Amino acid sequence: MNNLATYAANPEHSIGRLYPEPPSSTRNAFQRDRDRIIHSTAFRRLEYKTQVFVNHEGDLFRTRLTHSIEVAQLARGIARTLALHEDLTEAIALAHDLGHTPFGHAGQDALNECMRDFGGFEHNLQSLRVVEKLELRYAEFDGLNLSFEVREGILKHCSIKNARQLGDVGQRFLDKTSPSLEAQLTNYADEIAYNNHDIDDGLRSGLITVDQLEKVELFAQNLSQVKALYPKLEYKRMVNETVRRMINTLVVDLCTYSANNIAQHQPKSIEDIRRLPQLIGFSPEIAAKNLKLKQFLRKNLYHHYKVNRMSAKATRIVKELFHTFFENTGLLPDEFQVYAEQEKARAVADYIAGMTDRFAIREHRKLFTVEEYL
Ligand code: MG
C-alpha cells in the first residue's frame, strides 16, 4: 500500500494469528482476514438483523449488513486520508457487528439479563467469539484465525474481568494502552454511520420529523445551508443533501482534528501509538454537537413508543426462547445439544445470538404455537 504512515498497522509486521499459517501469495494478511469475514455464515446473517427497525418492517431501512458496509466505506476513506491501512479498517468494520443478537439492543439486553448468572452477554465480546470460535469452516482450527490487529479492533470495549480471560486482545484493557489508529478510527466510522443513517431511516419511517431535528444543531446548520443553496428542493432530496453534509462535517472534522493530534505527538511506530493516549477523535466543538445528536436519537427515535412496542416483543421472544431451551436442551438442534452438555447457558446464548430477526420469530412460533409445523 502506498504512502503508509510509519505508525500505521502493517500486515508484514502483524503480531500474527493464533494458529500460524503460510502467507497468501496474492493478498496481504488483512485482505485475507476481510475475505474470511465476508465468506463467514455470521456475515451473511447480518442482512436479516437490524438495530432500530425489525427486518420485515420495510425494505429500505438499514440492516446490519448495509450498516457494516457503510462503516467500511467511511473507515476506508478516513484511513486513506490519514495514511493508515485501509484493508485493516475494512476487515474490522465488516466484522464489528457479527456478534449482534436478533432485534438489536432489545435482543442484546434481554439475552444479557438471561445470562446474568452465567457471565452475561455482550455483543462486542460475541463478535470476537464468532471469529475465534463459533465459525466452523476450516480444517485446522475453530473460528477464522484472524490477525491480532483485526481481533483487537473488533474488541472495542471490555470489562477488566472479561479482559483477564481474553488473552492477547484483552491485555490492553489491563495495561490501559491504546489499539491501532485503524481500530480507533473504525469505531468513529461506526458512530458516524449509525447516527446519520438512523436520522435517515427515522425520517423515512415518519417516527421523527425535520421540525424536531431543527432543534439539533448539527442537522439545523446543514439544513439551512441546503435551503439557502437550493430553496426549491423537494423534501427527499433536501433530507438526503442534509444528511450527506452532516456526514461530511463529521468526517472532515475527525480527519483534521486527528491529523493535528498525531502531528503533536509525533509517533514513529505502531508501538508508539499503543503507548500514547487515543489520537483519533472529534474536536471538542463537534464532539459536543455529536453528543446532542445522539441524545436526540435516543430520546426521540430509540425510545419512540412504536419502537418500544417492537422492543417489548423482541424482549419477550428472546427471554422465552432462552428459558425454553435452558429448561429442555432436547429442543436444541443436535450440534447445540452436544455443546450444551458442557456449557448449557452459553450454548443456548450462542444459538439465540446467531439467529436473524425472522429466524427468531419463526423459532418462537414453532415452540409456542401448536398449529405450527416443526
Ligand atoms: Mg455498528
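This is a predicted model: local features need pLDDT of at least 70, side-chain atom pairs count only at pLDDT 80 or more; totals for chains, interfaces and linings use all residues.
**Entry 1: an aromatic pair**

Residues are numbered from 1 along each chain as its sequence is written, and side-chain values use heavy atoms, with hydrogens and water left out.

I then counted the aromatic pairs, and the structure holds nine. I took rings of Phe, Tyr and Trp (its six-membered ring) as paired if their centres lie within 6.5 Å, with planes under 30 degrees apart called stacked, over 60 edge-to-face and the rest tilted.

The rings of Phe118 and Phe326 have centres 5.4 Å apart and planes at 50°, so I recorded a tilted pair. Phe118 belongs to the loop between helix H5 (104-114) and helix H6 (123-134), and Phe326 to helix H16 (residues 305-327), so this pair ties together parts 208 residues apart in sequence. Phe118 is partly exposed at 38% relative accessibility, whereas Phe326 is buried at 19%.

Returning to Phe336 and Tyr351, I noted ring centres 4.8 Å apart and planes at 50°, so that pair is tilted. Phe336 is in helix H17 (residues 334-342) and Tyr351 in helix H18 (residues 344-353), 15 residues apart. Ring pairs also join Phe325, Phe336, Tyr339, Tyr351 and Phe359 into a cluster.

**Entry 2: charges over rings**

I looked for a charge over a ring, taken as NZ of Lys or CZ of Arg within 6 Å of the ring centre and within 35 degrees of the ring normal. The charged end of Lys344 sits over the ring of Phe326, 4.2 Å from its centre. Likewise, the charged end of Arg36 sits over the ring of Tyr138, at 4.9 Å from the ring centre.

**Entry 3: salt bridges**

How many salt bridges does the structure hold? I recorded 29, each being a side-chain nitrogen of Lys or Arg within 4 Å of a carboxyl oxygen of Asp or Glu.

Arg17 and Asp33 form one, with their closest N and O atoms 2.7 Å apart. Arg17 lies in the segment before helix H1 (29-38) and Asp33 in helix H1, 16 residues apart. I found both Arg17 and Asp33 buried.

Asp201 meets Arg62 in a salt bridge at 3.0 Å, N to O. This pair links distant parts of the chain, 139 residues apart: Asp201 is in helix H10 (residues 181-205) and Arg62 in the loop between helix H2 (41-45) and helix H3 (64-81). Asp201 is buried, at 2% relative accessibility.

Asp168 and Arg151 are joined at 2.8 Å, N to O, in a further salt bridge. Asp168 is in the loop between helix H8 (160-165) and helix H9 (171-175) and Arg151 in helix H7 (residues 148-154), so the pair ties together parts 17 residues apart in sequence. Is Asp168 buried or partly exposed? Asp168 is partly exposed, with a relative accessible area of 36%, whereas Arg151 is buried at 2%.

I also traced a network of salt bridges that links Arg27, Arg34, Asp35, Arg76, Arg80, Glu86, Asp87 and Glu90.

**Entry 4: the magnesium ion**

Which residues coordinate the magnesium ion? I found His67 (NE2), His96 (NE2), Asp97 (OD) and Asp190 (OD), at 2.1 to 2.8 Å. Donors are N, O and S atoms within 2.8 Å of the metal (3.2 Å for Na, K and Ca); water is not among the atoms, so sites may look incomplete. The donors follow the spacing H-x28-H-D-x92-D along the chain. His96, in the loop between helix H4 (86-95) and H5, and Asp190, in helix H10, are 94 residues apart. His96 is buried at 3% relative accessibility, and Asp190 is buried at 6%.

**Entry 5: the largest cavity**

I defined a cavity, on a 1 Å grid over the protein atoms alone, as a set of points where a 1.4 Å probe fits but cannot get out, its lining residues having an atom within 4 Å of a point. The largest cavity holds about 90 Å³ of space, the volume being that filled by probe spheres set on the points. Its lining includes Arg62, His67 and Asp201. H10 gives the largest share of that lining, three residues.

Conventions: Helices (H or I, at least four residues) and strands (E, at least two) are DSSP runs, numbered from the N terminus. Buried means under 20% relative accessible area, exposed over 50%, partly exposed in between (1.4 Å probe, protein chains only). On a 1 Å grid over the protein atoms alone, a cavity is a set of points where a 1.4 Å probe fits but cannot get out, and a pocket is an open set with protein on both sides within 12 Å along at least five of seven lines; lining residues have an atom within 4 Å of a point.
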